[in-house]
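Colleague: I would like the labels used for this model checked against their cut-offs. Please take them one at a time.

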Amino acid sequence: RVNVPGDHAFGAVFINIFKEDMQPFKGSKNVALVYTVGALGRNKRAEGEGAPSAEREALVKKTKKDFLEAIYLTGQNVMAAVVAYNREEAKDGLPRIDVLRSPIVAGGTFIHPDAAPEDVALALLCGYKDQHDPQHSPHLELMPGKDMEDAIAACQRGEFWQERLPRPEA
């Protein structure tokens, strides 16, 4: 599932359902791998991938706002993909995705220099929340740590990621 224009994978979501005999930790609920590609907040590559290309620079989100909005849309896309899978495919005898374990997507190497990991986590959670479907959404198991815990608390208070942006000067 892709929700962004262009010929890149940033924001895309891939769901791979494991055959029953190939599920990690047999007998567990590890039925799928849900993979997404977070936005670029800086032109870096993961360790061991080599130097980033100059063309890649065009894909970098230049502002904190654009970066967090891309993370928010990625969160929406992840939840929409899992909800759609649970609604349509799981009824055809495939296993439901009942639990989604999530890190802070793009909250490390690729984070925008003006964004804090908590801001990224909040944008992601807001995206998940906005696509929540009581019948088909999975239970979320979120990466432990202070940044995610603070983002969860902010989300529970009703904060939205846009509140983390600098206010325009009058």
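Modeller: Glu 57 and Lys 62 form a salt bridge, with the closest N and O atoms 2.9 Å apart. The model is predicted, so local features need pLDDT of at least 70, side-chain atom pairs count only at pLDDT 80 or more, and totals for chains, interfaces and linings use all residues. Residues are numbered from 1 along each chain as its sequence is written, and side-chain values use heavy atoms, with hydrogens and water left out.

Colleague: What makes the contact of Glu 57 with Lys 62 a salt bridge?

Modeller: The term requires a side-chain nitrogen of Lys or Arg within 4 Å of a carboxyl oxygen of Asp or Glu. The N and O atoms here are 2.9 Å apart, so the pair qualifies.

Colleague: Why is Lys 62 called exposed, and Glu 57 partly exposed?

Modeller: Buried means under 20% relative accessible area, exposed over 50%, and partly exposed in between (1.4 Å probe, protein chains only). Lys 62 has 52%, so it is exposed; Glu 57 has 35%, so it is partly exposed.

Colleague: How do you know that Asp 98 pairs with Lys 29?

Modeller: Their closest N and O atoms are 3.5 Å apart, so this pair also meets the salt-bridge limit. Asp 98 lies in the loop between helix 1 and strand 3 (99-102) and Lys 29 in the loop between strand 1 and strand 2 (32-36), so the pair ties together parts 69 residues apart in sequence. Helices (H or I, at least four residues) and strands (E, at least two) are DSSP runs, numbered from the N terminus.
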